[in-house]
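Student: I would like to work through this model with you, one question at a time. Could we begin once the sequence and structure are on the screen?

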Amino acid sequence: MKIEGKVFVVTGGASGLGAATATHLIGKGAKVIMVDMNHALGEEMQKRLGEKSKFVQLDVTDEVAVEQFFKNVEQDYGQLNGLINCAGIGPSAKVLGKNGIHALDAFQKVLNINVTGTFNMLRFAADVISRYELKAGEEDRGVIVNTASVAAFDGQIGQVAYAASKGAVVAMTLPLARELAQHAIRVMTIAPGIMETPMLKGLPEKVQDALGAMVPFPPRLARPEEFAHLVGHICENNYLNGETIRLDGAIRMQPK
Ligand SMILES: NC(=O)c1ccc[n+]([C@@H]2O[C@H](COP(=O)([O-])OP(=O)(O)OC[C@H]3O[C@@H](n4cnc5c(N)ncnc54)[C@H](O)[C@@H]3O)[C@@H](O)[C@H]2O)c1
C-alpha cells in the first residue's frame, strides 16, 4: 500500500510508539487520526503535526464511543486504510506478592485494555476499510497493525497479566488475517522489546543503561522511530500478512 494520501487511525497516538507512528505516517503524506485517553498530550501532538492530523479523546474499550468514532471517521474522511493499535498498559504484579494475592480486577483491567480494546477498535476499523474502493493498481484496501510485546513469548515474573494479554494479541493475528483476506485487508503484529518511551524514560538512567546493555545488538533501548519505521514498512509491503515480528535486537528476557 502506498501511504501517501491514505487515512490511518493510531491508538495511543499521544505518546511513545503511537506518537512516533503518527509522526512517521504524516511524514509519508498520510492523514492520521490519533486517539488516546490523554487529552493534553493528544492536543499537543495535533498542534505539532499540523492540519493532516487530528486528535480525538477516546477510550478504546468503550463500545458505544468507538462505534460512533468510526462513523465520524467515515463521514469526515470518506475512507479508512489503516489502524495501528498502540494503546496499552503494562503494570506488573506477582500472583503471590508482598501485598497479597494478585487482584482479579487488576488482571481483568490489563486484558480489557490490551486485548478487548485492540479488538474493539479493529472490528469497526475493518468494517470501514472493507468499503474502500480500490483504485487502479492497488492491491490491498488496508492494513491493521497490533502491538504485542516480547512478553508474549518470554514473560517475566510479575508479568502474568501483561504476558497473557500480549499472547492473545499475537494469537489473534492469523485468524484475523485469514478472515479479512477476502476484503483485501492485511493484519500484522509487532512484538517490541525494550523501547525508549515515556514508560521507560521514567526509570533512573542507570537502570535504563543496564536494560540497554542486556540487548545483544545494538546494545541500547530501541527508539520509537524504529517501531514507526517498521509500521511504515508493513504498510508498504503487501506480502507481509498474518505474522508477528519481534523488534528486539535479539533480546530474550530473563525470568526477572
Ligand atoms: N515501551 C516498551 O518498552 C514496550 C515494549 C513492548 C510493548 N510495548 C507496547 O507498546 C504499546 C505502546 O506503549 P508505549 O511504550 O508507547 O506506552 P505509552 O504509555 O507511552 O503510550 C500508551 C498510550 O496508550 C494510551 N492508553 C492507555 N489506555 C488507553 C485506553 N483505554 N484508550 C485509549 N488510549 C489508552 C495512554 O494514554 C498512552 O498515551 C503498548 O501496547 C505497550 O504494551 C511497549
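Student: Leaving aside its neighbours within four places in sequence, which residues is Asp 59 in contact with?

Tutor: This is a predicted model, in which local features need pLDDT of at least 70 and side-chain atom pairs count only at pLDDT 80 or more, while totals for chains, interfaces and linings use all residues. Residues are numbered from 1 along each chain as its sequence is written, and side-chain values use heavy atoms, with hydrogens and water left out. Contact means heavy atoms within 4.5 Å. Once the neighbours within four places in sequence are set aside, the residues in contact with Asp 59 are Met 37 and Val 66.

Student: Where is Asp 59 found, and with which side chain does its own side chain make a polar contact?

Tutor: Helices (H or I, at least four residues) and strands (E, at least two) are DSSP runs, numbered from the N terminus, and Asp 59 is found in the loop between strand 3 (53-57) and helix 3 (63-77). A polar contact is a pair of N or O atoms within 3.5 Å; within protein, one must be able to donate a hydrogen and the other to accept it, and residues adjacent in sequence count only if both atoms are side-chain atoms. At 2.8 Å, the partner of the Asp 59 side chain is the side chain of Thr 61.

Student: Does Asp 59 count as buried, partly exposed or exposed, and why?

Tutor: Buried means under 20% relative accessible area, exposed over 50%, and partly exposed in between (1.4 Å probe, protein chains only). Because its relative accessibility is 27%, Asp 59 counts as partly exposed.

Student: Why does Asp 248 count as buried, and which residues does Asp 248 touch, not counting those up to four places away in sequence?

Tutor: Asp 248 is found in the segment after strand 9 (244-247), and Asp 248 counts as buried because its relative accessibility is 12%. Not counting residues up to four places away in sequence, Asp 248 touches Val 150, Gly 193 and Val 215.

Student: Which backbone nitrogen does the side chain of Asp 248 reach, and what is the phi of that residue?

Tutor: The side chain of Asp 248 reaches the backbone nitrogen of Ala 250 at 2.9 Å. Ala 250 also lies in the segment after strand 9, and counts as partly exposed because its relative accessibility is 45%. Although Ala 250 is not a glycine, its phi is positive, at about 70 degrees.

Student: Where is the place of Ala 184, and what is its phi?

Tutor: Ala 184 has its place in the loop between helix 6 (160-180) and strand 8 (185-192). With 19% relative accessibility, Ala 184 counts as buried. Ala 184 is not a glycine, yet has a positive phi of about 60 degrees.

Student: Is the peptide bond from Phe 217 to Pro 218 cis or trans?

Tutor: Pro 218 is found in the loop between helix 8 (205-213) and helix 9 (224-236). With omega near -5 degrees, the peptide bond from Phe 217 to Pro 218 is cis.

Student: What radius of gyration does the protein have?

Tutor: The radius of gyration is taken over C-alpha atoms, and the globule rule is 2.2 Å times the number of residues to the power 0.38. With 256 residues, a compact globule would have a radius of gyration near 18 Å, which agrees with the value for the protein, 18 Å.
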